[in-house]
Amino acid sequence: GRSGEQHPVQPLIHEFRRDWGEIEVALDRAEGRQIVEALLDNEPNQLGAEFRETLYRQTRGHPLFTIELLRGMQERGDLVQDSESRWVVGPTLDWEILTPRVEAVIAQRVERLAEPLKKALSVASVEGETFTAEVVARTQAVDEQEMVASLSGELDRRHRLIRAQGIQRAADQRLSRYRFRHILFQTYLYNSLDEVERARLHEQVGTALETLYGEHIEEMAAIAPLLARHFERAGLPAEAIAYYQQAGNRAVRMSANAEAIVHLTGGIELLKTLPDTPERAERELALQLAVAVPIMTTKSWAFAEADRAYTRARELCEEIGDTSQLLMALAGDRAFRTARADHRASVAVAEQCLDLAQRLQDPLHEVQGHYELAIALTFVGELGASLAHAEQVMALYDPQLHSSLAYLLGQDPA
């Protein structure tokens, strides 16, 4: 008790121990994943690793949230029992929708906050599970030091809704990073905003991040996926597409090819929402050429998706009259035909490449043209001619100028 006397619940605990033995769970020492696994396996189920991982990510193993989320899913039909009374995932499962019980628990805690603190957390929820004090401050037009004091003092130490993560640097700019203690807090606050509020805040958060990172190209490229998401949700597709392209190109340079495909495909899909203009065609051309290389690298040089990307790129080149980009599309077509063992057609396309490269009178393009023909001729046994073109590649090749072809072709020509 508060005055040192025995707590009223203590006799009940003694009685339970007498009848059932050890009944306590040391929550401060138990790992969150252990709690999730124990709660799930308390009843027969066929819930796999993906479901368990997502449940842990949603609740961080918080016992109350985990129990209430599971109960709510069962009541809502997100989890159903099969013919053998085992819990399985139902057809309506949606992790973005909180169950009423969980929502009520979170709402009770959030409603205790003063209005400025609730507004700050709403902005933070738009940035994500991890967020930046300086972004929230600029969006709310509040002094940055005051915002840090509110986040660390009121919302972290007092209300325990967020946790300080530390300081990062973006060039000369200090960024104070925080994280919601549970992603469910962030989900609740974000879902509390209507569509208009979300769009407006996504734009403001994206703009604040652009300002903070400024002209530092590499650091801006690192957050390009985040900026793409903000501007897409703000209803600004042109800005989002530019960042999807930047994110995809960076991923290609880092050999993160699966990630590159996701970003570049996201940009291509978003382009479909824009009017059919020459500017849109140019942007799509760049995205189609960019996405084809990671597709071939991760799936197959003969994969049909790569062929579709290069075919579409050729159509766009003819539409806008871009001969330099046409060379890249032809090079991809040559690689695709070689991978399909269509070698005579591959030689014909390679000859188009070299003819176009020589007409462009650019050493980089000539390197590419000779490279394409050297490879194609090898597969039809014309080794003398292939060697001559290979020697031309080496004579023209400058590693300072031409090594970038590796990202465009999937291989370094030299």
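Which helix holds His-263?

## His-263

His-263 sits in helix α14, residues 257–271. Helices here are DSSP runs of H or I with at least four residues, strands are runs of E with at least two, and both are numbered from the N terminus. This is a predicted model: local features need pLDDT of at least 70, side-chain atom pairs count only at pLDDT 80 or more, and totals for chains, interfaces and linings use all residues. Residues are numbered from 1 along each chain as its sequence is written, and side-chain values use heavy atoms, without hydrogens and water.

His-263 has a relative accessible area of 10%. It is therefore buried (under 20%; exposed is over 50%, partly exposed in between, with a 1.4 Å probe and protein chains only). Beyond its neighbours within four places in sequence, His-263 contacts Pro-225, Tyr-244, Ala-247 and Gly-248. Contact means heavy atoms within 4.5 Å.

## Thr-130

Thr-130 belongs to strand β3, residues 130–132. Its relative accessibility is 23%, so Thr-130 counts as partly exposed.

Leaving out residues up to four places away in sequence, Thr-130 touches Arg-177, Tyr-178 and Arg-179.

## Where α2 meets α4

Ile-35, Val-36, Leu-39 and Leu-40 in α2 meet Pro-63, Thr-66, Ile-67 and Leu-70 in α4.
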